[in-house]
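Reader: I have a new structure open and would like to go through it step by step. Can you take my questions as they come?

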Amino acid sequence: MGICFIGPRKFSNFMREYCPPQRGRFIDVDTGKVVGQHEGVQMYTLGQRSLISGVGAPYFVAQKYPKTQDIVVALGHDHPAMYSSTFEVDEMHWISGTPVPPRDEMELDFRFQHAHPVVPCRVRLDPEDPQKKRLTVVLTVKQFAVTPGQYAVFYDGDQCLGSGRIGATEATKFISGIVSGLPDESPVKDRLRIEVPERRAVMASC
């Protein structure tokens, strides 16, 4: 069940009831420096503004690492680490069976959260995947906080074709490139491992 079904309860109180606090660090994506502490990655979602004690700057959650309890944050809503124009999809489920387009590419609409509007996209099918479960999606407009582990839903006009789990995104690859370029003496380089978060129904593991 998704975390959005907890009802009219405060999210932080709900998470503390079921997931004991696990102290972790906020890490600036550009500098690799620790800019604050938090009580666990389960308390945050990608794209959320991080209210870091003693820091007035508007940091936003760009990536989470449950194994190390590190949260990578980006300075400003418009930071490149927060946006993606491409992403991968795996385990695609086609409602009416595998599509057979004239080419291995389709012009469709997409959304990944129910509150978001649908946006046009180009879906590239893997010609070596007969069931078309692996997709590459190219958006016409960059989207904020496209989140690995959540589900992308695809439409052809008014018809819902199916959905699949979001994997690597342009933003995660951008962050990977920044981390790999950090100085070896950076306090976080030896701990961060760029990987798609574990695939769970709930936003993050406890």
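Author: One definition before we start: two strands pair if DSSP finds at least two bridges between them. Also keep in mind that this is a predicted model.

Reader: Fine. Which strand pairs with S6, and over how many bridges?

Author: Strand S6, residues 83-94, pairs with strand S9, residues 135-144. The two run in the antiparallel sense, and six bridges join them.

Reader: What stands opposite Val-89 there?

Author: Leu-135 in S9 stands opposite Val-89.

Reader: And what do the strands close into, in what order?

Author: Six strands close into a barrel, in the order S6-S9-S8-S7-S10-S11, with antiparallel pairing. From one strand to the next the twist averages 45°.

Reader: Step back a bit. How many helices and strands are in the protein chain?

Author: The protein chain has two helices and 11 strands.

Reader: What share of contacts joins residues at least 24 apart?

Author: Taking contacts between residues at least 6 apart in sequence, 54% join residues at least 24 apart.

Reader: Now side chains. How many aromatic pairs does the count come to?

Author: The count comes to six aromatic pairs. One of them is Phe-87 with Phe-110, a tilted pair at 5.1 Å centre to centre, with 45° between the planes.

Reader: Where in the chain do Phe-87 and Phe-110 sit?

Author: Phe-87 is in strand S6 and Phe-110 is in strand S7, residues 105-111. They are 23 residues apart, and the pair links distant parts of the chain.

Reader: What kind of pair do Phe-110 and Phe-112 form?

Author: Phe-110 and Phe-112 are stacked, at 6.0 Å centre to centre and 10° between the planes. Phe-87, Phe-110, Phe-112 and Phe-154 form one aromatic cluster.

Reader: Are Phe-110 and Phe-112 buried or exposed?

Author: Phe-110 has a relative accessible area of 1%, so it counts as buried. Phe-112 is buried too, at 8%. Phe-87 is also buried.

Reader: Change of topic. Which phi does Gln-69 have?

Author: Gln-69 has a positive phi of about 65°, although it is not a glycine. It is found in the loop between strand S4 (59-65) and strand S5 (70-75).

Reader: Why does Gln-69 count as buried?

Author: Because its relative accessibility is 7%, and buried means under 20%.

Reader: What about Ala-145, what is its phi and where is its place?

Author: Ala-145 has a positive phi of about 55° and is not a glycine either. Its place is in the loop between S9 and strand S10 (151-156). Ala-145 is buried, with a relative accessible area of 9%.

Reader: And for the protein chain as a whole, how many residues count as buried?

Author: Of its 206 residues, 45% count as buried. The protein chain exposes about 11100 Å², and carbon and sulfur atoms supply 53% of that.

Reader: Last thing. What pLDDT does the protein chain average?

Author: The average pLDDT is 82, and 80% of the residues score at least 70. Over residues 193-206 the pLDDT is below 50, though this stretch has 35 contacts in the model beyond near neighbours in sequence.

Technical notes: Residues numbered from 1 in each chain as written. Heavy atoms only, no water. pLDDT = per-residue confidence, 0-100. Contact = heavy atoms within 4.5 Å. Helix = DSSP H or I, 4+ residues; strand = E, 2+ residues; numbered from the N terminus. Axes fitted to C-alpha atoms, helices over the stretch in contact; angles between N-to-C directions. Phe/Tyr/Trp six-rings, centres within 6.5 Å; stacked < 30°, edge-to-face > 60°. Buried < 20%, exposed > 50% of the residue type's maximum accessible area, 1.4 Å probe, protein only. Areas by Shrake-Rupley, 256 points an atom, 1.4 Å probe, with all protein chains shown as cover.
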